[in-house]
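I am opening a notebook on a structure I have not looked at before. The entries below record what I looked up, one topic at a time.

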Amino acid sequence: MANLKEIRNRISSIGSTMQITSAMKMVSAAKLKKATDTIMAMRPYSEKLTELIQNVSATLEGDNSGVYSRERDIKNVLIVVITSNRGLCGGFNAYVIKQINALKSTIYKDANVDILTIGKKGHDVLRKTFNVIDNRSDLYDQLDFENSSVIAEEMMDAFVQEKYDSIQIVYNQFKNAATQIVVTEQFLPLLPIETNENVTSDYIYEPSKEEILSTLIPLSLKTQLFKSVADSVASEHGARMTAMHKATDNAQELRDALKLSYNKARQAAITNEILEIVGGAEALNN
């Protein structure tokens, strides 16, 4: 009977775990809806802003993106790593960290790499092997455009002051609840703008195109960082919802298997008791 008691305790424990994982799945599903709405509303704006910059730039002569487009020999690199503050989301954070290690061992193996983390999970791992200059996990406490713009401005200033020759952003891009794609986006210097010789503009610019472009470029960079963080947040909730769904299913299978074992053990115990009673009765008759 001790074995039966042990199995009952395990069934009860797994049942409690199922309740937790199921609740976490529902919470993540609710948060995913809000995060998905944010990123889906953000992407068209970001794409239109980029298109506007390209159209304005295409009608100007020469390089008008200024200090933000200056390419230099890559000696010092800053990688902004966006992960989560909490775990239980499958390989969400591990894939980003794996990408950082790959970048360091291949593309930037001869460069000095500094790390700026947004998310505690990435910071806790990367600080052991990289030079982490700052951890801005507090951004998740109040995630909005203004707070992310502060970080973007610091990154732009560091590039202008030639502290870094290249700034990259690594994060999970949201595709759907079950799929997140680890991407590396170049933040600075600005990628060359593809121009079309046949570009025509029906807009009247006030003030000048140059002044508009000098305003749009910093705004575009700030938008890029905010979109990356929003993408990562949506991906995190999707990954956690999927992970908790799988955990709940696995717990269900394990509980069913334990119940079957419990019923078999209980049946065997009852059978043994009946055999003992029958054996005792036969012994009394003899």
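Entry 1: I count two residues as in contact when heavy atoms lie within 4.5 Å. The model I am reading is a predicted one. I began with F92, which is found in helix α2. Leaving aside neighbours within four places in sequence, I listed T83, S84, N172, S232, S235, E236 and A239 as the contacts of F92. I then looked up E236 again, which is 144 residues away from F92 along the chain. The C-alpha atoms of F92 and E236 are separated by 6.7 Å. Is F92 buried or exposed? F92 counts as buried, because its relative accessibility is 2% and the cut-off for buried is under 20%.

**Entry 2: T83.** T83 was on the list for F92, so I looked it up next. T83 sits in the loop between β1 (76-82) and α2 (92-105). T83 has a relative accessible area of 0% and is therefore buried. With neighbours within four places in sequence set aside, the contacts of T83 are F92, N93, V96, I118, G119, K121, G122, Y140 and S232.

**Entry 3: two helices.** Two packed helices are described by the angle between their axes and the distance between the axes. I looked up helix α4 (residues 145-160) and α5, which pack at an angle of about 115°. Their axes are 9 Å apart. I noted the crossing of α4 and α5 as right-handed. On the α4 side, the contact is made by F145, S148, S149, I151, A152, E153, M155 and M156. On the α5 side, P218, L219, L221, K222, T223, L225 and F226 take part.

**Entry 4: salt bridges.** Side chains of opposite charge can pair when their charged atoms come close. How many salt bridges does the structure hold? I found nine salt bridges, and I took notes on some of them.

K33 pairs with D37, with the closest N and O atoms 2.8 Å apart. Both K33 and D37 lie in helix α1 (residues 2-58), four residues apart, which is about one turn of the helix. K33 counts as exposed at 52% relative accessibility, while D37 counts as partly exposed at 42%.

I turned next to R43 and D231, whose side chains meet in a salt bridge of 2.8 Å, N to O. R43 lies in helix α1 and D231 in helix α5, so this pair ties together parts that are 188 residues apart in sequence. R43 is partly exposed, with a relative accessible area of 21%. D231 is buried, with a relative accessible area of 0%.

I also looked up R136 and E154, which form a salt bridge with the closest N and O atoms 3.0 Å apart. R136 lies in the loop between β3 (131-135) and α4, and E154 in helix α4, so the pair ties together parts that are 18 residues apart in sequence. R136 is buried at a relative accessible area of 15%, whereas E154 counts as partly exposed at 39%. I noted that a network of salt bridges links D134, R136, D138 and E154.

**Entry 5: backbone.** Most residues other than glycine have a negative phi, and most peptide bonds are trans.

- A cis peptide bond joins L188 and P189, with omega about -5°. P189 lies in the loop between β5 (179-188) and α5.
- L88 has a positive phi, near 60°, and is not a glycine. L88 is found in the loop between β1 and α2, and is exposed with a relative accessible area of 55%.
- E162 has a positive phi of about 60°, and is not a glycine. E162 lies in the loop between α4 and β4 (166-176), and counts as exposed at 53% relative accessibility.

**Entry 6: surface.** Which residues make the nonpolar surface patch of about 240 Å²? I270, I274 and V278 make this patch. I looked up I274, which lies in helix α5 (residues 209-285). I274 is partly exposed, with a relative accessible area of 47%.

How values were computed:
Residues numbered from 1 in each chain as written. Predicted model: local features only at pLDDT ≥ 70, side-chain atom pairs only at ≥ 80, totals over all residues. Heavy atoms only, no water. Helix = DSSP H or I, 4+ residues; strand = E, 2+ residues; numbered from the N terminus. Buried < 20%, exposed > 50% of the residue type's maximum accessible area, 1.4 Å probe, protein only. Patch = residues over 30% accessible without salt bridge, like charges linked within 9 Å, V, L, I, M, F, W, Y side chains within 5 Å. Areas by Shrake-Rupley, 256 points an atom, 1.4 Å probe, with all protein chains shown as cover. Salt bridge = Lys/Arg side-chain N within 4 Å of Asp/Glu carboxyl O. Axes fitted to C-alpha atoms, helices over the stretch in contact; angles between N-to-C directions. Left-handed = near helix turned anticlockwise from the far one by under 90°.
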